[in-house]
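Please examine the sequence and the structure shown below.

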Amino acid sequence: MQDISKNIKRIQVKIDDMKKQLGRAEEEITLVAVTKTHSVEAMDLALGQGICHIGENKVQEAMRKLPMLKDQSAKFHFIGHLQSNKINQLLSLKPYLIQSIDSLYLADKLNRALGRTNRTQDILIQVNTTEEEQKTGVNFANAEELIFKIASLSSLRVRGLMTIGKLHPNPEISRPYFRQLKELFFKIRPEIPEGWDYLSMGMSHDWQIALEEGSNMLRIGSAIFGERHYGEDR
Ligand SMILES: *Cc1c(COP(=O)(O)O)cnc(C)c1O
């Protein structure tokens with residue numbers, strides 16, 4: 001547990017160093033601490049160490065843990081596969097950003113649920129850049145069309161793109177996929193004048209490559225909190 005603050009400091013120092021090297025010192029890089037499977041205690045600790053953004057991938061788990069946090073101003077990112085029957089529960093948690101929208105079906109349902117409450121919701125489009133079958137996300141070839149369709153829905157504000165690199169021990173493998181998404185991000189940018197500003201790429205094992213390739217939102221779990229243990233009731 002005491003490693004958490006050390007890990008956060010180490011990552012933040014490394015991010016600042018890299019920003020300077022990359023000539024991006026003035027740019028804001030958002031660090032999302034991914035807290036899935038980790039305890040409320042661990043989350044409180046991270047939030048006391050300068051973390052403001054937390055990410056969870058299961059609605060049920062977020063419903064249980066978020067109300068218990070000491071710091072209720074933490075910005076909550078939903079980063080997992082969203083089932084349409086969980087939309088209302090998710091919205092009750094007032095997410096800062098839903099990063100995992102990958103179909104018009106889901107976007108439509110979300111848009112309708114929001115329309116009933118007069119709210120707007122910031123989202124990212126998740127792109128399956130690596131085209132691995134077990135992954136969610138819209139295929140790269142269909143991404144552009146989907147982005148514009150979703151951008152026209154009145155209660156959603158599309159803030160940018162998210163992807164997951166290859167789960168491969170050598171993070172260099174993911175560099176071309178990150179680069180491809182960055183190119184799409186900048187191609188779309190002039191077409192969406194307001195709020196198109198997040199490029200969410202990079203996890204514990206590949207965030208440095210993602211940052212080099214233009215990411216401005218890193219989602220880091222195990223490098224902060226240690227290994228995840230599934231199947232326990234936490
Ligand atoms: C779990 C998860 C992460 C964090 O993974 P780590 O390898 O632990 O950093 C990031 N993004 C998504 C979508 C995740 O599900």
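**Buried and exposed residues, and the ligand**

Thr37 is buried, since its relative accessible area is 10%; buried means under 20%, exposed over 50% and partly exposed in between, with a 1.4 Å probe and protein chains only. This is a predicted model in which local features need pLDDT of at least 70 and side-chain atom pairs count only at pLDDT 80 or more, while totals for chains, interfaces and linings use all residues. Residues are numbered from 1 along each chain as its sequence is written, and side-chain values use heavy atoms, with hydrogens and water left out.

Q: Near what value is phi of Thr37?
A: Thr37 belongs to the loop between S1 and helix H2 (40–47); helices (H or I, at least four residues) and strands (E, at least two) are DSSP runs, numbered from the N terminus. Most residues other than glycine have a negative phi. In Thr37, a residue other than glycine, phi is positive, near 70°.

Q: Is Asn118 buried or exposed?
A: Asn118 lies in the loop between helix H5 (104–117) and S5. Phi of this residue is also positive, near 60°. Because its relative accessible area is 77%, Asn118 counts as exposed.

Q: Which residue has the backbone oxygen that the side chain of Gln121 reaches?
A: Gln121 is part of strand S5 (residues 121–128), and its 2% relative accessibility makes it buried. A polar contact is a pair of N or O atoms within 3.5 Å; within protein, one must be able to donate a hydrogen and the other to accept it, and residues adjacent in sequence count only if both atoms are side-chain atoms. At 3.1 Å, the side chain of Gln121 reaches the backbone oxygen of Pro95.

Q: What is the distance from an oxygen atom of the ligand to an N or O atom in the side chain of Arg228?
A: A polar side-chain atom of Arg219 lies 2.9 Å from a nitrogen atom of the ligand. A polar backbone atom of Gly221 is 2.8 Å from an oxygen atom of the ligand. For the side chain of Arg228, the distance from an N or O atom to an oxygen atom of the ligand is 2.7 Å.
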